[in-house]
Amino acid sequence: DYDQAIELYFKGLKNFEELKANKLYVLDSYMNLSKSYFGLGLEKEALRYGQEAYDIAVEVASAEWIKETSFNLYEVFKSKGDIGKSLDFFEISSAYKDSLLNEEKLKEITLLETNYEIEKRESQIQLFEYKDKMMQLELEGKRRLATFLSILLVVLVIVIVVFFYLYKKRAEFKSQLLSVEV
């Protein structure tokens with residue numbers, strides 16, 4: 001019921017104005033009053049409150065509300081047969097609608113770019129971690145090889161020393177055998 005709604009909107013508007021509430025609450029009340037009066041066919045009142053709502057929307061620079069209030073005024077002026085003003089407010093509403101869509105698309109693109117950059121960084125981090133692990137494994141392999149070669153060298157030196165010692169002992173033994181036989 002429009003009459004009851006109008007009464008409630010006026011009470012809310014009075015409270016918002018007394019409390020010096022956020023202007024968007026006042027704007028919303030004016031917008032609802034305009035729509036209610038328009039629903040009753042009272043174009044003069046619909047225009048009055050619609051214009052108040054539009055003025056506040058422009059004052060607070062709310063693109064969404066400018067779009068909504070200008071579309072509301074477009075409907076009122078169209079109903080009154082004022083094609084010029086109707087067209088003006090339709091163009092304003094369309095421009096803000098396009099602007100909001102572009103802004104939304106820009107936000108989506110920005111979000112996608114941000115997600116891409118995050119994923120790219122995560123991939124780079126994983127690649128660096130993989131390369132680091134591979135280098136550690138390679139370094140560990142080189143350490144083991146160096147340890148193995150060192151042990152092998154020590155064993156080889158021991159074998160050569162033992163072999164040389166045994167060779168010398170055998171040579172001494174042969175020399176003693178030859179001297180005993182002579």
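Let's start on helix 5, where Val157 is found. This is a predicted model, and in it Val157 is partly exposed, because its relative accessible area is 43%, a value between the 20% and 50% cut-offs.

Now for the aromatic rings. A pair of such rings is described by the distance of the centres and the angle of the planes.

| Pair | Arrangement | Centre to centre | Between the planes |
|---|---|---|---|
| Phe10 and Tyr49 | edge-to-face | 5.6 Å | 75 degrees |
| Phe77 and Phe89 | stacked | 5.6 Å | 5 degrees |

Take Phe10 and Tyr49 to begin with. Phe10 sits in helix 1 (residues 2–18) and Tyr49 in helix 3 (residues 43–60), so the pair links distant parts of the chain, 39 residues apart. Are these two residues buried or partly exposed? Phe10 counts as partly exposed because its relative accessibility is 31%, while Tyr49, at 6%, counts as buried. Both belong to one aromatic cluster, which Phe10 and Tyr49 form with Tyr30 and Tyr37.

The pair of Phe77 and Phe89 is stacked, and it too links distant parts of the chain. Phe77 lies in helix 4 (residues 63–80) and Phe89 in helix 5 (residues 83–181), twelve residues apart. Phe77 and Phe89 are both buried.

Methods
Residues are numbered from 1 along each chain as its sequence is written. This is a predicted model: local features need pLDDT of at least 70, side-chain atom pairs count only at pLDDT 80 or more; totals for chains, interfaces and linings use all residues. Side-chain values use heavy atoms; hydrogens and water are left out. Rings of Phe, Tyr and Trp (its six-membered ring) pair if their centres lie within 6.5 Å; planes under 30 degrees apart count as stacked, over 60 as edge-to-face and the rest as tilted. Helices (H or I, at least four residues) and strands (E, at least two) are DSSP runs, numbered from the N terminus. Buried means under 20% relative accessible area, exposed over 50%, partly exposed in between (1.4 Å probe, protein chains only).
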